Amino acid sequence: MLSFVQILDFVGTFAFAISGIRLASAKQFDWFGAYIVGLATAIGGGTIRDVLLDVTPVWMTDPIYLICTAFAMFFVIIFGKYLIHLNNTFFFFDSIGLALFTVVGFSKTIALGYPFWVAIIMGSITGAAGGVIRDVFINEIPLIFRKEIYAMACVAGGLACWICQLLDMEAYQTQMIGGITVFIVRLLAVKYKITLPILKGDE
């Protein structure tokens with residue numbers, strides 16, 4: 001029986017893989033290259049998290065993450081011409097992946113007995129690091145280093161999860177509220193062009 005966190009993890013993997021493969025297709029990568037970009041997007045953040053938490057990365061013990069990425073690849077191949085013409089496709093799948101992976105990273109860290117501030121950091125790494133690897137692979141400046149609110153949306157989601165825990169809410173409610181917080185913060189930031197201040201150096 002799958003837990004709620006596992007379901008979130010699988011859906012997040014699929015969504016993040018699509019976001020990576022979608023961008024790779026726009027750069028005219030071949031099928032293998034696009035799969036690698038999608039896989040790195042899907043498992044990159046979780047791998048870094050697990051290494052820092054001193055546990056075996058989940059994709060090394062369960063092939064479902066490789067299979068999810070393959071399904072995402074076929075999904076883009078079949079519906080690619082529709083996805084490419086939808087300007088908001090990348091944003092939609094990327095934001096879903098960001099939200100779900102942040103919650104998964106937070107929940108896993110808490111389950112291992114770490115304090116909330118470590119969980120917030122690990123949730124942010126789980127959500128944002130895969131996107132950094134994706135952008136490096138396709139030769140783009142990572143979103144996390146641009147003006148857009150990206151990693152800070154993960155931090156907001158982690159804080160929401162922590163507050164829900166303080167209120168003794170059920171685990172699935174905590175995870176849903178945390179994920180929704182990430183998605184809404186990201187959505188509002190892009191819609192209303194909310195950005196962090198730029199650090200200006202001497203010219």
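Reader: What lies over the face of tyrosine 192?

Author: In this predicted model, lysine 191 lies over the face of tyrosine 192, at 5.7 Å from the ring centre; a charge sits over a ring if NZ of Lys or CZ of Arg is within 6 Å of the ring centre and within 35 degrees of the ring normal. Local features need pLDDT of at least 70 and side-chain atom pairs count only at pLDDT 80 or more, while totals for chains, interfaces and linings use all residues. Residues are numbered from 1 along each chain as its sequence is written, and side-chain values use heavy atoms, with hydrogens and water left out.

Reader: And how many aromatic pairs does a search of the whole structure find?

Author: The search finds seven aromatic pairs, where rings of Phe, Tyr and Trp (its six-membered ring) pair if their centres lie within 6.5 Å, and planes under 30 degrees apart count as stacked, over 60 as edge-to-face and the rest as tilted. The rings of phenylalanine 92 and phenylalanine 93 have centres 5.4 Å apart and planes at 75 degrees, so this pair is edge-to-face.

Reader: Is phenylalanine 93 buried or exposed?

Author: Phenylalanine 93 is buried, with a relative accessible area of 14%, whereas phenylalanine 92 counts as partly exposed at 42%; buried means under 20% relative accessible area, exposed over 50%, and partly exposed in between (1.4 Å probe, protein chains only).

Reader: Which aromatic pair is stacked, at 4.0 Å centre to centre?

Author: That is phenylalanine 116 with tryptophan 162, with 5 degrees between the planes. The pair links distant parts of the chain, 46 residues apart, since phenylalanine 116 is in helix α5 (residues 116-137) and tryptophan 162 in helix α6 (residues 151-166); helices (H or I, at least four residues) are DSSP runs, numbered from the N terminus. Phenylalanine 116 is partly exposed at 28%, and tryptophan 162 is partly exposed at 26%.

Reader: Which residues do ring pairs link into a cluster?

Author: The cluster consists of Phe14, Phe75 and Phe79, linked by ring pairs.

Terms used
Helices (H or I, at least four residues) and strands (E, at least two) are DSSP runs, numbered from the N terminus.
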